[in-house]
Amino acid sequence: MKKEDKTALISELQNTIGEYSHFYLTNIEGLNAEKTSALRRECFKQDIKLVMVKNTLLQKALEARGVDASLFEALKGNTALMLCNTGNAPARLIKEFTKKEKNKEEARPQLKAAYVEETIYIGAQNLEFLTAIKSKNELIADIVALLQSPAKNVISALQSGGTTIHGVLKTLGERPE
């Protein structure tokens with residue numbers, strides 16, 4: 001490959017990584033064509049971009065983007081890049097996709113590393129933790145729900161009290177004197 005072509009690919013990879021806020025490095029080596037197609041379909045459904053990359057080109061693109069060098073130790077063997085804007089979506093996809101496999105060590109895709117919420121996670125042992133991470137929007141929704149809860153309780157108490165008072169007054173009004 002010519003140097004100009006490599007430079008263009010690195011630039012394109014840099015731009016692609018810049019479009020997404022989270023990315024996962026995975027190993028999909030050994031998947032047959034049927035499973036690879038199924039994985040690509042699932043990625044498309046969940047708005048995850050799946051890209052096969054050369055490790056050296058990816059490393060240069062990540063260096064240019066200023067990503068921590070500790071991530072580079074995961075760039076060995078075949079690497080597939082999963083890009084998304086929801087931090088836990090690829091982890092959930094990997095967990096669901098490998099759920100049927102009997103031997104979890106040989107299951108593919110296998111997490112090598114992840115860059116989620118500006119933190120680097122290295123190793124497949126972090127998969128369970130990454131599935132539980134909430135996205136920024138999910139956290140905001142939780143906070144809004146917590147803030148609304150006391151107000152809803154007060155309104156509910158006032159409404160039920162009004163109904164009770166109304167019932168008492170109606171009963172007193174209907175009672176013969």
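Leucine 57 is buried, with a relative accessible area of 11% (buried means under 20% relative accessible area, exposed over 50%, and partly exposed in between, with a 1.4 Å probe and protein chains only). The model is a predicted one, in which local features need pLDDT of at least 70 and side-chain atom pairs count only at pLDDT 80 or more, while totals for chains, interfaces and linings use all residues. Residues are numbered from 1 along each chain as its sequence is written, and side-chain values use heavy atoms, with hydrogens and water left out.

Leucine 57 belongs to helix H3 (helices are DSSP runs of H or I with at least four residues, strands are runs of E with at least two, and both are numbered from the N terminus). Apart from neighbours within four places in sequence, leucine 57 is in contact with Lys6, Leu9, Ile10 and Leu13 (contact means heavy atoms within 4.5 Å). With isoleucine 10 the pairing spans 47 residues along the chain, yet the two C-alpha atoms are separated by 5.8 Å.

Helix H3 covers residues 55–65, and its buried residues are Asn55, Leu57, Leu58, Ala61 and Leu62. These residues lie on the same side of H3, because they cover an arc of only 160° around the axis (the arc is that of the directions from the helix axis to the C-beta atoms). An α-helix has 3.6 residues a turn, so residues three or four places apart point the same way. The cover over the buried residues of H3 includes helix H1 (3–19) and strands E1 (22–27), E2 (49–53) and E3 (79–84).

How do H1 and H3 pack, and at what angle? Their axes are 9 Å apart and the angle is about 55° (axes are lines fitted to C-alpha atoms, for helices over the stretch in contact, and angles run from 0 to 180 degrees between N-to-C directions). H1 is therefore oblique to H3, given that angles under 35 degrees count as roughly parallel, over 145 as roughly antiparallel, 65 to 115 as roughly perpendicular and the rest as oblique. On the H1 side the meeting residues are Lys6, Leu9, Ile10, Leu13, Gln14, Ile17 and Gly18, and on the H3 side they are Leu57, Leu58, Lys60, Ala61, Leu62, Ala64 and Arg65.

Helix H4 (residues 89–97) has Ala89, Pro90, Ala91, Leu93, Ile94 and Phe97 as its buried residues. E1, H2, E3 and H5 are among the elements that cover them. In helix H5 (residues 127–132) sits threonine 131, which is buried at a relative accessible area of 10%. Beyond its neighbours within four places in sequence, threonine 131 is in contact with Asn88, Ala91, Arg92 and Lys95.

Turning to the cysteines, the whole structure holds zero disulfides (a disulfide is a pair of cysteine sulfur atoms within 2.5 Å). The sulfur of cysteine 84 has its closest cysteine sulfur in cysteine 43, and at 9.4 Å that is too far for a bond. Cysteine 43 is buried at 1% relative accessibility, and cysteine 84 is buried with a relative accessible area of 1%.

Lastly, aspartate 47 lies in the loop between helix H2 (33–45) and E2. Its phi is near 60°, a positive value in a residue other than glycine. Aspartate 47 counts as exposed, at 60% relative accessibility.
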